[in-house]
Amino acid sequence: MASMKFYCDAERCIECNGCVTACKNENEVPWGVNRRRVVTIKDGEPGERSLSVACMHCSDAPCAAVCPVDCFYITDDGVVLHDKDICIGCGYCFYACPFGAPQFPSSAAFGSRGKMDKCTFCAGGPEENFSSEEKLKYGSNRLAEGKLPLCAEMCATKALLAGDADIVSDIYRKRIINRGASVMNWGVAYENAGLRVSQGKAGKASSTD
Amino acid sequence: MNIARKRQMRNVGILTLLLVLIAPLIPYAISAVSGSSVQGNEYQTQVKHPGGDLWREVRQRDTDVIGRTQVKGVDTGILINKSGEDWRQYRMEMLAPYGAYLMGAILGLIVLFYLVRGTLRIPGGFSGKKILRFTLNERMVHWFTVVIFWLLGVTGLILLYGRMVLIPLLGLEGFSITASASKEVHNLIGPLFLVAMLALIITFIKDNFYASGDLKWLFKAGGMLGGHVSAGRFNAGEKVWYWLASFLGLALCVTGLILDFAILGQSREIMALSHVIHTIAAIVMIAVSFGHIYLGTAGMEGSLSSMSTGYVDENWAKAHHDRWYEEMQATTTKDSKQEAVAGGVAATGKASPISDN
């Protein structure tokens, strides 16, 4: 049983917002809703880094714990999904979520919250796979087609990784090892860095992964 | 002499042996004291984790770091919201269980008190003579507040305990409809609670200031421990309830408005904090209201009519609010003279304080 995870490589993200656009287009999310966003820390200063963030599909999901109507469920792939027919739009998941993933289209009186919308890992929802209801409420179901989320697939620098946690962490580990190899000689990526001596990979910023 | 010298020689021998054994450890001791690691091995250089600073900022470890993002919205520049987990812990592990314990304990105490003491009868029974205790205005303000308070209280409790209590009974879909209706009622009726609270505070503030004798009333627990305690129009217990309800009610209104109007751009941290204050105030107010309701209905004979018809029995007034009774007797004689001149009961809702019905 897989456990699907996102990982954003801060050394690669160039804040192009391609993932945000890809997500909006693929899932046709409501106006004002952004399932994914790119945040830049220290914008314009030394040490500037950008990270793309959406629902991280937590194993112990705080949103599911606090939901008063118990509308969340976790798929066999470890994707945290919710049932919009059950959701009442109370906003508790938004208070509890560390990543600001839950989104609310403001629809009702006093601008109160409509039904929550969030990243589905492109895995649709509780409706029948590829049905028009599923498409309308939750967006695309790429996972059922055997594809990964479009945000990660579209990422130009392969900063945003999505997939089984074991594979994602394996790719990232290889990158770290190779970065350590290169910065000893070039010293461009990290300040005061130097993990280990070059292993004949001088000048190569990363592996082919 | 010889023995002493032999012992000295042996001691020197042991000391020398110890020094020889310790000697190989000396370089380690020096390096430990000076703090420098063994140099000359590039595989063991101390390196700061290159992502350390970044992730410390992302995780909001030391300071609140707000990044820049193209996505407009509340808190979108924050990568990790550190207050979320605290709020989850509060709601799931403190509010839900301890709220239930508090309300259950108060209910239990009331049932126990009822079983021990039963309904507190009017000493001397009903006299048949009635005194106006609450005017029509006062009663309307009271019941207006009651209806709104319980609409909000019940819907709020449904949202807090429904997942535990009602989902097993109604199922997910059935409870979703209930909870959705509860949320809408709570959010739409909520702002009216401010109107009700302000009306309640203004209407009843006159007789709820501290008066001499109130402390004595509290020390004697209002005569529950036996003996008679005198009181004015409102006794110290009612005054405590008035001020408690006023402050908790206003806190509920302020935090409720922050939570209700989610479009004003308030941060999650502010909303989570508001929710904490809102729920503590609500649970305490609901728990204390159980006692208020008990004393107004089953707990005390003759008290309910004060809020329904507005009148109480003269003997009830003498027993529970003797000083108020005396004041009323004094003013009544004046009023009845005035009314005799004016020609009967005024239509303004200020009925004659004494009536024979």
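1. Two strands pair if DSSP finds at least two bridges between them. Helices (H or I, at least four residues) and strands (E, at least two) are DSSP runs, numbered from the N terminus. In these terms, Val39(A) has Thr69(B), in β1(B), as its bridge partner.

2. The model is a predicted one: local features need pLDDT of at least 70, side-chain atom pairs count only at pLDDT 80 or more, and totals for chains, interfaces and linings use all residues. Residues are numbered from 1 along each chain as its sequence is written, while chains are lettered from A and ligands numbered from 1 in the order in which they are written.

3. The strand pairing crosses from one chain to the other. Strand β2 (residues 37-41) of chain A is joined to β1(B) by two bridges, and the two run antiparallel.

4. Contact between the chains involves 51 residues of chain B and 44 residues of chain A; two residues are in contact if their C-beta atoms, placed from the backbone, lie within 7 Å. Elements giving two or more residues to the chain B side include β1 (68-69), α4 (83-117) and α6 (167-204) of chain B. The most comes from α6(B), with 10 residues. By class, this side of chain B has 23 nonpolar, 14 polar and 14 charged residues. Here Ala, Val, Leu, Ile, Met, Phe, Trp, Tyr, Cys and Pro count as nonpolar, Asp, Glu, Lys and Arg as charged, and the others, Gly among them, as polar.

5. Chain B as a whole has 12 helices and four strands. Of its 357 residues, 25% are buried; a residue is buried if 20 or more other C-beta atoms lie within 10 Å of its own, with C-beta atoms placed from the backbone. Among contacts in chain B between residues at least 6 apart in sequence, those joining residues at least 24 apart make up 68%.

6. In chain A, Pro102(A) lies in the loop between α3 (92-96) and α4 (132-138). Why does Pro102(A) count as buried? Pro102(A) does so because 24 other C-beta atoms lie within 10 Å. Leaving aside residues up to four places away in sequence, Pro102(A) touches several residues, including Cys63(A), Cys93(A) and Met116(A).

Terms used:
Buried ≥ 20, exposed ≤ 12 C-beta atoms within 10 Å, placed from the backbone.
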